[in-house]
Amino acid sequence: MRKELLFSLILILALKTYTISAQKNHDTQNILYFNPEVEPDIEEIKEPTNLAFFSAVSDHISTHKKRKMMKTETQLPFETADQKTISDYAVNNDADFVTVSKVKYFKVGLGKYVFSNQVIVSMKLFDKDGNLITESSYDTYRKNMRMLGSAENSIKIGTAGALKTIFKNLRKLKPLAETDI
């Protein structure tokens, strides 16, 4: 009786562990983010831009339980992202998707008076094979008509807006891919 009970408990524990690990592997989407390309190319603004960008990404990803953010410290050019390089990074980091981004600064003001720094955050989402799935661009000045505010806050708003559009497009494309199979 004792051996049967012990065997049953071990079997139940093994099955439970297997199903939990299988669910984790299939439910979460790993998304690899590269450092955004910053325009204008000024070294002093790159680090604060990266901090604000990844802060906004982690805030947005934390609301989605099925997505996991992975970060790489390298930067890929936004316009000429190489399919093989993206695929290699995705395979080496076990990522389902790869995001290449660009943050373009511009000033809002009248004449010599500058009110704030606004940004255009552009993103491209690639699959693990390096194929472009969708892209998005969010202009903080045109979308929110913000006149006042810090550059850091503009980056966070722009990143959140671009991510929202990317994930919205991804949800639209997912049912089409499932019907093709």
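Colleague: How many helices and strands are there in the protein chain?

Modeller: Helices (H or I, at least four residues) and strands (E, at least two) are DSSP runs, numbered from the N terminus, and in the protein chain there are five helices and six strands, running α-β-β-α-β-α-β-β-β-α-α from the N terminus on. This is a predicted model, in which local features need pLDDT of at least 70 and side-chain atom pairs count only at pLDDT 80 or more, while totals for chains, interfaces and linings use all residues. Residues are numbered from 1 along each chain as its sequence is written, and side-chain values use heavy atoms, with hydrogens and water left out.

Colleague: Which residues of α2 are buried?

Modeller: Buried means under 20% relative accessible area, exposed over 50% and partly exposed in between (1.4 Å probe, protein chains only). The buried residues of α2 include Lys 46, Thr 49, Phe 53, Phe 54, Val 57 and Ile 61. An α-helix has 3.6 residues a turn, so residues three or four places apart point the same way.

Colleague: Which residues are joined by a cis peptide bond?

Modeller: Glu 39 and Pro 40 are, with omega about 10 degrees, and Pro 40 lies in the loop between β2 (37-39) and α2.

Colleague: Where is Asp 94 placed?

Modeller: Asp 94 is in the loop between α3 (83-92) and β4 (97-110); although not a glycine, Asp 94 has a positive phi of about 55 degrees.
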